Amino acid sequence: MSVAPGPAVRPPSCPEVGAALAHGERALLEYGDLQRARRWFDTAYRQAQARGDLAGLARAALGMGGIWVHEHRTAVESEQVRVRQRHALSQLDPGSPLALRLRLRIQGEEDYHGGTHEGILRLLAQARSSGDAQALAEALSLAHHCVLGPGHGALRLELAGELIGHAAVTGRRSDLLMGLMWRTADLYLAGDPHAERCMQELRAVLADHPHLAVEYVASAIEVMLTIRTGRFEEAEKLAAACFERGVAAGDIDATGWYGGQLGAVRWYQGRAAELLPALADLVNSPTLSPIDNSYVAGLALAAAAAGDRRLAAGHLARLRGRDLAELPSSSSWMIAMYCVVEAAHLLQDADTAASAYALLSPYAHLPVIASLGVACFGSARHSLGMAALTTGDLGLAIGHLRAAVRDNLALGHWPAATLSRCRLGQALALRDGPADAAARAELATAAHEAAELGMVLPAVVGRPPEADGGCRFRRDGRHWRVELNGRVAVVDHSVGMAYLATLAADPGHEIPAADLVAGAPGREAAQPPLDDVARDSFRLRLARLQAEIKEHESMHDLERAAALRMERERLIAELAAAAGLGGRARPFPGGEERARIAAGKAIRRALARISAVDPTIGEELRATVQTGVRCSYRPR
């Protein structure tokens, strides 16, 4: 599909206005080379201005707008083009075709910036009655840009169909390509099962004649379809190639679209937290559309996934403003709502979830797709189910999530179907108990599918995290994984790390330092004394662990069950080692003071190691771990 768009032609030092315009229009309309077209139109404008060529001035100013709305993103570029277009319009006969085409372009830009479409539809009616074929073709495409929100699917299909038919009148191949491209994107946005047919037709037309800008959109849709199949590695490679196409075409959306595609892959891989640094840079980029709020929402979600609740809550508040309903409707609105719901769920922000539910409800039948088919996050019913889950309405959540599984299977979106199935199983278990047969079946199927796709399924929903959101320690050979609200620090094993793990395993309870020192792996001292209270405490903890293991196994949370079994085995070993023959407690020589000093030093060294890897986790532990004759961990 990728064919070189003809020989590169550089503007001569002093071209004739007509020649420069011809080169610009050929680059823009025939080859979709936005960068080269901009250079030629800029040259034509300057020459026309110097020669007093008003028609040339108007054609050049019109061509600067390109084929998309809002091609110029920086304040300097967009204002320069806007001023040139208004100046050219002021020099023309108001009733001329060129004046109408300029008014259409200016109105389209204004409507798009404002998230409205009334003005451009009004001028579209004028274009239909004007008899000017080019004005009507441009009006149809501009109007289509301004109705990319989820509530205008039927209107978009009408506009695209009219543009395809009107291409026979203009004789411009670019009008046919734009019409087919719009129709293809519209069908995918509507979840139409026959969208691939239109995609095949678009591929065939592009094979006959290259058009960089439309090829870029087609390649973005290919990335989206590959993600739907769960072929994540292949999708990443295609996304990188798609980005290069966008850069070659001069499309300002290349960076943003690549970010969205990579974000979809990382989300389903369970690696959304990794996107936090990149999104923090991208969210304020001048290359983003002024009405695109999806990256702010994505940043809130990535922050929530990383455990940075303050950053996540701040960006959710930024999105909500006075009212979440005030966010302008656009091609990225559904994606923004998806991220808002998922972030609100992680933060247990029921108010935001309820607001998003009300706004999304009219679009339950639609898939959540970014822009013109850049990335797909499955059925909108999944978001409705997650919002209901966050507000505590389990019955409503189960209904939506069950429908989301069906919708996602119909879309052929295997990762989305697996995620919806997992959430459905978790919601059923929360309502009917972890032993519920339906819950266990859904969770088992989701776990099997996730393993095949290379997905990491999210934790159980609607249950407070263990230790009230405190740290969890998991031993892995010579290393420990310290987890706190999505953050992870991997630290080498040490005696102090074992002490911390023991404290974290029994939050809120005081453990004698002598017990820690004698019971930790790799000790050199004798075992501590175990009185009846200490032994009962250990046995109670063992009983709780066994119950938790059974619960996690019933919900197919196999990773957590395995970690709990390891912890149970360690406690059994400690209990056995701390007792003498016949269960008699062994004495600890040196007394409580030596144990206090030894435990304190080891714990402080371990905290320093954790802080060196992750200062946030280290700071939290320093504030919540208490050392002394008796040690404890009391999460906030």
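These legends accompany several close-up views of a predicted model.

**View 1**
The protein chain is built with 29 helices and eight strands. Of its 636 residues, 54% count as buried. If we take the contacts in the chain with a separation of 6 or more, 64% of them come from residues 24 or more positions apart.

**View 1. Three strands make an open sheet.**
Here you can follow the strand order β3-β4-β5, with antiparallel pairing. The edges are formed by β3 (472-476) and β5 (487-492), each of which pairs on one side only. On average, neighbouring strands of this sheet are turned by 25° against each other, with direction ignored.

**View 2. Strands β3 and β4 meet, and two rings pair up.**
Over five bridges, β3 pairs in the antiparallel sense with β4, which covers residues 479-484. Look for Arg-475, which stands opposite Trp-480 in β4. Trp-480 also forms an aromatic pair with Phe-473, and this pair is edge-to-face, with 6.5 Å from centre to centre and 70° between the planes. Are these two residues buried or exposed? Phe-473 is buried, because its relative accessible area is 13%, under the 20% cut-off. Trp-480 counts as buried as well, at 4% relative accessibility.

The structure holds eight aromatic pairs, and one of them joins Trp-68 and Trp-182. Their ring centres are 6.1 Å apart and their planes stand at 90°, so the pair is edge-to-face. Trp-68 sits in the loop between α3 (54-64) and α4 (75-90), while Trp-182 belongs to helix α9 (residues 173-189), and 114 residues separate the two. Trp-68 is buried, with a relative accessible area of 9%, and Trp-182 is buried too, at 1%.

**View 3. Four aromatic residues gather in one cluster.**
Which residues form this aromatic cluster? You can find Trp-267, Tyr-268, Tyr-338 and Phe-377 in it.

**View 4. Helix α21 is mostly covered.**
This helix runs over residues 414-432. At 1.5 Å a residue, its 19 residues should span 27 Å, and the end C-alpha atoms are 26 Å apart, which agrees. Of the 19 residues in α21, 15 are buried.

Asp-192 is found in the loop between α9 and α10 (195-208). With 31% relative accessibility, Asp-192 counts as partly exposed.

Cys-198 counts as buried at 7% relative accessibility, and Cys-242 counts as buried at 3%. How many disulfides does the structure hold? The number is zero. In general, a disulfide is a covalent bond that joins the sulfur atoms of two cysteines.

Note on methods: Residues numbered from 1 in each chain as written. Predicted model: local features only at pLDDT ≥ 70, side-chain atom pairs only at ≥ 80, totals over all residues. Heavy atoms only, no water. Disulfide = S-S within 2.5 Å. Buried < 20%, exposed > 50% of the residue type's maximum accessible area, 1.4 Å probe, protein only. Pairing = 2+ DSSP bridges. Helix = DSSP H or I, 4+ residues; strand = E, 2+ residues; numbered from the N terminus. Axes fitted to C-alpha atoms, helices over the stretch in contact; angles between N-to-C directions. Expected span 1.5 Å × (residues − 1). Phe/Tyr/Trp six-rings, centres within 6.5 Å; stacked < 30°, edge-to-face > 60°. Contact = heavy atoms within 4.5 Å.
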